[in-house]
Amino acid sequence: LLVCIYYNIKIKGFGGWFHELFSAPFGAKLAPANFLLNLVEFLSKTVSHGMRLFGNMYAGELVFLLIALLGGAWAASGSVEVMDPILFVFHIIAGLAWAIFHILVITLQAFIFMALAFVYIGQAHDAH
């Protein structure tokens with residue numbers, strides 16, 4: 001949000017940016033509506049980044065927790081002689097598969113996050 005505002009002011013000047021806050025997209029006659037829409041635009045960009053980051057982190061950790069619980073279920077399945085080997089093997093395979101998949105997902109999400117940030121900063125250069 002701060003970088004978008006900085007580039008808006010840098011490119012358009014403070015007066016141009018301030019004028020655009022109240023005149024875009026409907027013209028100066030609807031200044032209150034324009035200002036409200038522009039505030040929603042700035043805030044929604046920030047909130048969308050935060051929600052994307054939170055959602056990805058939460059989902060990844062939740063799946064890791066569920067896979068870890070498989071190990072706990074294996075450990076709680078009884079004494080060493082009667083522990084379920086299938087549960088143990090599934091726990092190891094699922095944990096390894098999810099770790100590899102999660103590394104690929106977070107790399108993709110980092111790219112999307114960066115691309116969205118560039119788009120938002122690029123929009124700061126455009127006039128409405």
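A word on conventions: residues are numbered from 1 along each chain as its sequence is written. Because the model is predicted, local features need pLDDT of at least 70 and side-chain atom pairs count only at pLDDT 80 or more, while totals for chains, interfaces and linings use all residues, and side-chain values use heavy atoms, with hydrogens and water left out.

Let me begin with α1, which has 22 residues, although its end C-alpha atoms are only 21 Å apart, short of the 32 Å that a straight helix would reach at 1.5 Å a residue; helices here are DSSP runs of H or I, at least four residues, numbered from the N terminus, and the expected span is 1.5 Å times one less than the number of residues. In α1 there is also a kink of about 110°, centred on Gly13, where the bend is the angle between axes fitted to the seven residues ending there and the seven starting there.

Finally, Gln109 lies in helix α3, residues 85-125, and is buried, at 16% relative accessible area. Its side chain makes a polar contact of 2.9 Å with that of Arg52, meaning N or O atoms within 3.5 Å, where, within protein, one must be able to donate a hydrogen and the other to accept it, and residues adjacent in sequence count only if both atoms are side-chain atoms.

Technical notes
Helices (H or I, at least four residues) and strands (E, at least two) are DSSP runs, numbered from the N terminus. Buried means under 20% relative accessible area, exposed over 50%, partly exposed in between (1.4 Å probe, protein chains only).
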